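We'll walk from stop to stop, and at each one you'll hear what to select and what to look for.

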Amino acid sequence: MKTVLITGCSSGYGLATARHFLAYGWNVVATMRSPRAELLPADDRLRILALDVTRDDSIAAALDAAGPIDVLVNNAGLGLFGAFEATPMTTVREIFDTNTFGAMAVCQAAIPHLRARGGGTLINVTSSAVLAPFPLVAAYTASKTAIEGFTASLAHELEAFDIRVKLVQPGYGPSTRFTANGQQRMQGLIPEAYAPFAQRVFAGLGEVAAVTHEKDVADAVWRAANDGAARLRYPAGADALALAERAAA
């Protein structure tokens, strides 16, 4: 019976992914900054651990408590929507601390464990923002694009150790708490000069037909975890799949 450790399981894609792996009989280590046992069904195969990806001591403690794992899913992330001109660099650094450096730190801490076990899989969750440019998410896109390049390079480094490295690219998920979780951080990031443009962007998002649901991402992570091939990228959601096909063409 295999074990997966998933970061950012308090809501959205991480929570759905933890439920998905549990349903398929895996041992699941679901991590979140502030553990909430009521979010997941009671199960002997489930452990819920505290993990703040911006703190090295928290990462080390969680990995020690988790014990041997077969798959790591770096899902924890922060959203950001606003004009870059109005975004304080302290906020940009906060986004990178979680989305970029946090994911890299968890990978770096987990690699020796996987290498000692003779292999495993690392899965980093990014965004469809890496597949096509979107307005008002410049800093967020930069944080996820960095992980794309990092993951592609890391895949070559770890191939000799039988550690597969994968990317899952979710599309626009209006049913998640992406916006709600970042509301305080996003206050004041649409200055008056940008308001007409931002209103058009918001209106366009309201008309989007093809979107990504939590289950789409859970399915993509599951496929990545169980795919022994050298495939690197797994778009998740109807919109992300369409963008990936367009980019390939």
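**Stop 1: a pocket**

Helices (H or I, at least four residues) and strands (E, at least two) are DSSP runs, numbered from the N terminus. A pocket, on a 1 Å grid over the protein atoms alone, is an open set of points with protein on both sides within 12 Å along at least five of seven lines, and lining residues have an atom within 4 Å of a point.

Before going on, a word about what's on your screen: this is a predicted model, where local features need pLDDT of at least 70, side-chain atom pairs count only at pLDDT 80 or more, and totals for chains, interfaces and linings use all residues. Residues are numbered from 1 along each chain as its sequence is written, and side-chain values use heavy atoms, with hydrogens and water left out.

How much space lies in the second largest pocket? About 250 Å³, where a volume is the space filled by probe spheres set on the grid points, and points are joined across faces, edges and corners. Now select Ala155, Glu159, Arg164, Val165 and Ala230: of the 14 lining residues, these are the closest to the pocket's centre. Strand 6 gives the largest share of the lining, 4 residues. Colour the lining by class and you'll get 7 nonpolar, 2 polar and 5 charged residues. Here Ala, Val, Leu, Ile, Met, Phe, Trp, Tyr, Cys and Pro count as nonpolar, Asp, Glu, Lys and Arg as charged, and the others, Gly among them, as polar.

**Stop 2**

Next, pick Asp162, in the loop between helix 4 and strand 6. Its phi is near 60 degrees, a positive value in a residue other than glycine. The cut-offs are under 20% for buried and over 50% for exposed, with partly exposed in between (1.4 Å probe, protein chains only).

Then click on Arg115 in helix 3. Arg115 is partly exposed too, with a relative accessible area of 43%. Leaving aside neighbours within four places in sequence, Arg115 is in contact (heavy atoms within 4.5 Å) with Phe161 and Ile163.

**Stop 3: two helices side by side**

Two packed helices are described by the angle between their axes and the distance between the axes. Select helix 2 (residues 56-66) and helix 3 (residues 89-117): their axes come within 10 Å and cross at roughly 35 degrees. Axes are lines fitted to C-alpha atoms, for helices over the stretch in contact, and angles run from 0 to 180 degrees between N-to-C directions.

Which residues make the contact? Show Asp56, Ile59, Leu63 and Asp64 of helix 2, then Ala105, Val106, Ala109, Ala110 and His113 of helix 3. By class, that's 6 nonpolar, 1 polar and 2 charged residues.

**Stop 4: enclosed spaces**

A cavity is a set of grid points where a 1.4 Å probe fits but cannot get out. How many cavities of 30 Å³ or more are there? The count comes to 2.

For the largest cavity, with about 40 Å³ of space, select its lining: Leu80, Phe81, Gly82, Phe84, Thr87, Leu136, Val137, Ala138, Ala139 and Tyr140. That lining has 8 nonpolar, 2 polar and no charged residues. Zoom in on Leu136, in the loop between strand 5 (120-125) and helix 4. Leu136 is buried at 10% relative accessible area, and has a positive phi of about 65 degrees although it is not a glycine.

The second largest cavity holds about 30 Å³. Select Thr7, Val53, Asn74, Ala76, Thr98, Gly102 and Ala103 to see its lining. Helix 3 provides the largest share, 3 residues. This lining has 3 nonpolar, 4 polar and no charged residues.

Thr91 is buried, with a relative accessible area of 9%, and touches Leu80 and Arg185, not counting residues up to four places away in sequence.

Finish at Asp44, in the loop between strand 2 (27-32) and strand 3 (46-50). At 84% relative accessibility, Asp44 counts as exposed.
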